[in-house]
Amino acid sequence: MADLLVKKLTAEDYNAEKYVQGLSQSSVGDLELRQQRQRIHHLSDETNAQLKKNVYMNYMQFIDTAKEISYLESEMYQLSHLITEQKSLLTSLLELSITGERGPGSAAQEMIEVNPQEIRDKRNRENRKKLTALLEKMEGCSHVMEVEMRQLVFDGDLVELSQDDYSATQRIHAYLLNDSLMIASWLSDRRGPVRYKFEVLYPLDQVLPVNIKDRGNTKNAFKLLIFPDTRVFMAPTAKSKQDWLDEIERTKAAKVSVEQQQQHQQQQQKDRHPSICKEDSLDSNNPFGDDDESGSFNPFLEVEPASLGPPEWVLELPEELDQAIAQRNFEEAVTLIDNGREFFDTSPKTPAYSEMRRALEGRVKSLVEVLQGELRVTPDKSLQGGPRAARRATTLLVHLNKSSQACELFLGHRGAILKAGLKRLRLEGKTVLYVRQLCSIFFHNLLETAREFTKAFPTNPSCTSAFVVWAHGEINIFCSMFSRHVFTSQSSLTTVAECVSRAHHHCQQLADIGLELTFSLHTLLLKDVEKWIRDGRDKMVEAVKLRAQEDTWKTLQYDNRDKLNKFIQDMRDIGVANVESYVIDELSVGLTNNTVQFTRAFLGFLEDVLRVLWPETHHLVDQALTAFFSAQLRHCHASLAEPSLKNEVSTIRRNSAFLLDVILTLGEHRYAETAGHAHPTLPSLHTQYISLTNNPAASTAPTICKYESNFI
């Protein structure tokens, strides 16, 4: 079996999804699936052990390979460094004039005729080179260089602190760019030149530095307010902290100044185009004519309108999203996100638009975190809202393509509400009342959860399977509480039967909406229910034997008519309608006290076991009923053969006839009504014990059926 499983899992055409689907279709119940899962786990453990053994056997080869990789990594780093130096040298050579030798006064002339714009451009190129060199030490940051004018302003190592107690959380490296702030986390287990991993890129407009005074062990710390988050960092020295605060403020001011200049230039260019077009149109007889023929200037061919950039609402989109999230207007925020995504899907794939798209996705991430916080269960959060309170956040998360997270948080939220409701339940009074409240709370919560789940996740099959798994987990918890309070030594047979029947009835209600948990309930309670049926059968048979030892076969005698009428009414209440035919005189009944007690016990036991007549308990219930009734009939047969009871033969036969013709027939009808078919062995008792009623000479014992023989 194990070799066959290995061949299936290692085959070239192995498909995990098809394998699981075929296994589910061929398996009956969850027992085979659990066994298959256990075999796969066992195979996984064997594979892991074999891999460890191979590692131990080739340990020296692993060490030699690691040394070679480390050596090659250092060589690649040196080669990259040499290439970077060569590139810088070639760039410097290209910037020199190659048209001729400079005269003796050229150097002085260059110093006099220095252009400030050229100095700034040269400094920007150097900062761009620095940024490129630094990014070679970071992984996951290739998109940072897509913006052409982006350059490095300031960088340094920092330590991030917790906002609660200002304890150190991680070591980071921060890069202040001319338009943004980039954070990279330090890779402690990494060798070679790549020592940092890209974490996040914040637009500079959203960053607000705040100084933090030194207190205790917290020194040289400052805070960055980045909506909707706040991050705290600690610099190595006081000077480094002040440099960070100054550089961020100066860079933000420079960015605002550059944007204002660009807007001013665009406005001047737009104002200048209409005048040019007007002057040229006056000088030409035909402004749309050919320039070669008329010699005129065509403004529609020569002058192109300046690009106006993205619409104003796109530029204001980040601020609008921040405002909507802060005001908890989540529906408006989702609408803005949809509009923004639709615009960027149809816009040109330029670096500027890509950066704006990343800024939008950053806001989406913030909104998702806020919505997840709405569903996340914390000790300080109230759980009184019910399922509709979580529907809003769940629906929005599904709309943002976060169905799996929404499903997990929704079910966790519902599980916490159910747990809180069950925790408030107290065992006061009878067990039946407690179980009634327990079932009401549990199954009502499950029913509400199922209805809300279908509304929140109407077209998500994976989420539906997650809900089924969650429901089965909750039914496990319910059965654990149920068994702990119901299957105790103090609980009577009737109490246990009523409690189990109520739980089964609630499961049937869930099946009406498509959630089938009856099989799980039966599986979890089957062991206790079977034990209860066996114990009940043994107690009833033992009671028959005890009453038989004291039975004198004396008929019932009553002092007055009222007591007789009360007896008749009691028998009618338990289903025996023709008991008047056994009244032999005015205050006497031709039945013995033993027969009446057995009738009440058998009919009560019959009603109890019929409440737990499941496919899994069918055989045991049939056996218990047959064994119980056969024990009483054997007592009647033994009494007929007893010499000391010769004078009571007529009474014995009358009571035996009552048991076979009335009580046994009543039990068969009641069983058939509940099970939908006749009892397999009870009807055979009529023929097996027919000698009790119509054959006085019979002295041999009747044939014992298989259920009786198993019990004996």
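Predicted model: local features only at pLDDT ≥ 70, side-chain atom pairs only at ≥ 80, totals over all residues.
View 1. The rings of Phe 453 and Phe 467 have centres 4.8 Å apart and planes at an angle of 20°, so the two form a stacked pair. Phe 453 belongs to helix α16 (residues 431-456) and Phe 467 to helix α17 (residues 461-486), so this pair ties together parts that lie 14 residues apart in sequence. Both residues also take part in a cluster, in which ring pairs link Phe 410, Phe 453, Phe 457, Phe 467 and Trp 470.

**View 2. An edge-to-face pair formed by Phe 442 and Phe 443.** A pair of aromatic rings is described by the distance of the centres and the angle of the planes. The structure holds 22 aromatic pairs, and one of them joins Phe 442 and Phe 443, whose ring centres are 5.0 Å apart and whose planes stand at 90°, an edge-to-face arrangement. Phe 442 is buried, with a relative accessible area of 0%, and Phe 443 is buried as well, with a value of 3%.

View 3. Val 55, Tyr 56, Tyr 59, Met 60 and Phe 62 make up a nonpolar surface patch of about 600 Å². Helices α3 (29-57) and α4 (59-95) each contribute at least two residues to this nonpolar patch, and the largest share, three residues, is supplied by α4.

**View 4. A patch of negative charge.** On the surface, Glu 312, Glu 316, Glu 319, Glu 320 and Glu 332 gather in a patch of negative charge. Within this group, Glu 320 lies in helix α11, which covers residues 317-326, and Glu 320 is partly exposed, with a relative accessible area of 32%.

**View 5. Two loop residues with positive phi.** Although Arg 328 is not a glycine, its phi is positive, at about 60°. Arg 328 has its place in the loop between α11 and α12 (330-346), and with a relative accessible area of 40% Arg 328 is partly exposed. Asn 401 is not a glycine either, yet has a positive phi of about 65°. The loop that holds Asn 401 runs between α14 (387-399) and α15 (403-423). Is Asn 401 buried or exposed? Asn 401 has a relative accessible area of 63%, so this residue counts as exposed.

**View 6. Glu 550 and Asn 594, separated in sequence.** Glu 550 lies in helix α19, which spans residues 518-550, and Glu 550 is exposed, with a relative accessible area of 68%. How many residues apart in sequence are Glu 550 and Asn 594? They are 44 residues apart along the sequence, while in space the distance from C-alpha to C-alpha is 8.9 Å.

How values were computed: Residues numbered from 1 in each chain as written. Heavy atoms only, no water. Patch = residues over 30% accessible without salt bridge, like charges linked within 9 Å, V, L, I, M, F, W, Y side chains within 5 Å. Areas by Shrake-Rupley, 256 points an atom, 1.4 Å probe, with all protein chains shown as cover. Salt bridge = Lys/Arg side-chain N within 4 Å of Asp/Glu carboxyl O. Lys, Arg positive; Asp, Glu negative; His and termini not counted. Charge placed at Lys NZ, Arg CZ, Asp CG, Glu CD. Helix = DSSP H or I, 4+ residues; strand = E, 2+ residues; numbered from the N terminus. Buried < 20%, exposed > 50% of the residue type's maximum accessible area, 1.4 Å probe, protein only. Phe/Tyr/Trp six-rings, centres within 6.5 Å; stacked < 30°, edge-to-face > 60°.
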